Amino acid sequence: MDIQALKDQISTSPAFVLDETELVNTLSTLNGLRTQSGCKLLYSIKSLPFSRVLDIAKPYVDGFAVSSLFEAQLANETLAGQGSIHLTTPGIRADELDELAKLCTHISFNSLTQHQHFAARLNKFASIGLRVNPKLSFLSDERFNPCRQYSKLGVDIDSLWQSSTIDQVQGLHIHTVFSATDYTPLIKTLDKLTSYMSDKLARMNWLNLGGGYLFDQISDHRPFIAAIARLKSKYELEVYIEPGKAIVGHCGYLLATVIDSFVSDGKTIVILDTSVNHHPEVFEYQRQPALHEHQPHGRYPTVLAGCTCLAGDIFGEYRFDKPLQIGDRLVFKHIGAYSLVKANRFNGYNLPDIFRYNANAIKRLKHYTYQDYRQQWLAD
Ligand SMILES: *Cc1c(COP(=O)(O)O)cnc(C)c1O
């Protein structure tokens with residue numbers, strides 16, 4: 001990504017920029033891993049369901065992973081029958097079953113009760129599975145640990161292997177990590193799963209290993225390739241992975257402009273024309289996003305803050321070689337996943353424009369107006 005070209009050619013701000021070259025590179029790399037390991041690759045569209053992303057991903061993936069009826073509808077429109085649609089969610093509703101049955105190829109129920117209530121109505125249409133909770137925690141932050149105590153995600157492995165339901169499903173689904181950069185959790189989880197249910201797995205058709213691994217940031221893929229090979233040869237399973245962030249995380253940039261600068265209690269505060277509402281995980285998880293202009297040894301420490309009324313609407317403290325001026329433009333990097341999809345117009349600040357970037361051109365694909373804001377809050 002040529003950040004200077006981005007600043008020169010994009011006149012509106014704030015702007016979300018999708019780096020299509022990077023997206024294609026990431027998809028090609030994952031495609032290589034898919035070929036080497038023999039696993040099937042799904043894109044978890046919840047991380048960024050933007051139409052350009054879905055269209056670009058389509059030729060590289062075996063389908064999409066979805067978590068709701070709307071996502072299933074969107075996946076189905078894009079794939080037009082050419083690929084699998086895997087659904088898992090704690091939120092399946094009785095009134096959506098008929099539509100889900102038409103759209104999804106694989107459905108993993110989150111609980112034994114949901115399986116009991118719904119499986120019979122769906123099993124003529126979709127391959128039925130269960131989400132298993134292997135009860136192995138790899139995360140210290142409980143807010144995104146699916147294997148925390150009293151978890152709502154998946155059937156506890158200890159009750160599952162003894163339940164008769166396990167004999168009625170064609171597949172299992174596991175998803176237990178968040179932004180993992182090595183395969184140790186996967187290997188340990190598979191060890192536990194296979195030791196508990198070796199004979200059950202042999203009867204099944206598929207195993208979905210979920211998302212949560214940043215495949216693009218793992219250098220040694222041999223443990224993964226070996227694990228998939230073992231699952232395929234020992235149990236003759238079709239093995240799926242469904243990354244989200246690993247596909248789009250690095251492809252998204254947020255361009256913002258300095259609109260004010262002042263000193264508060266001795267610190268320089270810079271107000272941007274964006275806010276954490278354009279990337280709510282910054283606030284939710286208190287994580288500071290990477291900034292292109294940040295100089296680790298810069299002489300000017302500066303707090304970058306958003307433009308809304310929330311006191312905690314702050315991106316974090318960064319350093320610069322010279323003081324930022326009103327009108328300066330800054331670019332947050334690697335914010336492709338879980339940013340726009342969670343973005344909102346709190347305080348009446350507009351959503352960012354969306355641009356595409358590739359080697360040939362920078363082009364605006366989306367612009368929201370006051371009418372979009374008004375429409376959202378207008379009674380029908
Ligand atoms: C969120 C989610 C994913 C994608 O997770 P990433 O961390 O973006 O890779 C995949 N599967 C399930 C079940 C999920 O909940």
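Analyst: A polar contact is a pair of N or O atoms within 3.5 Å; within protein, one atom must be able to donate a hydrogen and the other to accept it, and residues adjacent in sequence count only if both atoms are side-chain atoms. With that criterion, an N or O atom in the side chain of K46 is placed 2.8 Å from an oxygen atom of the ligand. K245 takes part through its backbone, one N or O atom of which is 2.8 Å from a ligand oxygen atom. For Y338, the distance from a polar side-chain atom to an oxygen atom of the ligand is 2.5 Å. On its own the ligand has 380 Å² of accessible area, and the protein covers 86% of this; such areas come from the Shrake-Rupley method with a 1.4 Å probe, and for residues only the protein chains shown count as cover.

The model is predicted: local features need pLDDT of at least 70, side-chain atom pairs count only at pLDDT 80 or more, and totals for chains, interfaces and linings use all residues. Residues are numbered from 1 along each chain as its sequence is written, and side-chain values use heavy atoms, with hydrogens and water left out.

The residues around the ligand (those with a heavy atom within 4 Å of it) include K46, K245 and Y338, and also S44, T88, H173, H175, G211, G212, E242, P243 and G244.

Grid points are joined across faces, edges and corners, and a volume is the space filled by probe spheres set on the points.

The largest pocket holds about 1000 Å³ of space. Its lining comprises 42 residues, and K46, R131, L153, H175 and Y338 are the closest to its centre. Domain 1 (3-17 + 250-377) and domain 2 (38-243) each contribute at least three residues to this lining; the domain bounds come from an automatic or database domain assignment. Strand β4 (84-89) is among the elements that supply at least two lining residues, and its four residues are the largest share. Helices (H or I, at least four residues) and strands (E, at least two) are DSSP runs, numbered from the N terminus. By class, the lining has 17 nonpolar, 14 polar and 11 charged residues, where Ala, Val, Leu, Ile, Met, Phe, Trp, Tyr, Cys and Pro count as nonpolar, Asp, Glu, Lys and Arg as charged, and the others, Gly among them, as polar.

The second largest pocket has a volume of about 310 Å³. Of its 17 lining residues, K245, H279, R287, P289 and H334 are the closest to the centre. Because domain 1 and domain 2 both give residues to the lining, this second pocket lies between them.

Two cavities of 30 Å³ or more are found in the whole structure. The largest cavity contains about 50 Å³, and its lining includes H175 and G211, two residues that are also around the ligand.

Notes:
1 Å grid on protein atoms, 1.4 Å probe; cavity = no way out; pocket = protein on both sides within 12 Å on 5 of 7 lines; lining within 4 Å.
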